Amino acid sequence: MIKVSEEAKKKISALMTEGGFNAEADYVRVGVKSGGCSGLSYELNFDKSQAEGDKVFEDNNVKIVVDKRSVLYLAGTILEYSGGLNGKGFVFNNPNAQRTCGCGESFSL
């Protein structure tokens, strides 16, 4: 469903620890909401529990929860992290996106 690159895994683990989360037990919550310059934008948060209807995935030892509305938009997405000079941070490589904005934080289908 959602893949996590090695660089994203390292950054997620570090941020979870800094934020008081347990990277081995807690979740990365990924979702899609209306908004952004292309119509839909990504959400990325940490969560200690899953909600009713959430889909749970695990890749590269990262537990991911996605609400059922967002699952269709995110199928096949790869979560990556870029910490280079461009300073992008987390990047969603979504094969379903037909159009993305310049900042990479929003998309449309």
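Buried means under 20% relative accessible area, exposed over 50%, and partly exposed in between (1.4 Å probe, protein chains only). At 21% relative accessibility, phenylalanine 57 therefore counts as partly exposed.

This is a predicted model: local features need pLDDT of at least 70, side-chain atom pairs count only at pLDDT 80 or more, and totals for chains, interfaces and linings use all residues. Residues are numbered from 1 along each chain as its sequence is written, and side-chain values use heavy atoms, without hydrogens and water.

Phenylalanine 57 lies in strand S4 (residues 55-59); strands are DSSP E runs of at least two residues, helices H or I runs of at least four, numbered from the N terminus. Its C-alpha is 9.8 Å from that of valine 28, 29 residues apart in sequence.

Contact means heavy atoms within 4.5 Å. The table leaves out residues up to four places away in sequence.

| Residue | Contacts (heavy atoms within 4.5 Å) |
|---|---|
| Phenylalanine 57 | Met1, Val62, Lys63, Ile64, Val66 |
| Valine 66 | Ile2, Val30, Asp54, Lys55, Phe57, Val71, Leu74 |

A nonpolar core is a set of buried Ala, Val, Leu, Ile, Met, Phe, Trp, Tyr and Cys residues joined through side-chain atoms within 4.5 Å. The largest has 17 residues; Ile12, Val30, Ile64, Val66 and Leu74 touch the most other members. Helix H1 (6-18) is among the elements giving two or more residues to this core.

In H1, Ala8, Ile12 and Met16 are buried. They fall within an arc of 65 degrees seen down the axis, so they line one face of the helix; the arc is taken from directions between the helix axis and the C-beta atoms. Thr17 and Glu18, on the other side of H1, are exposed.
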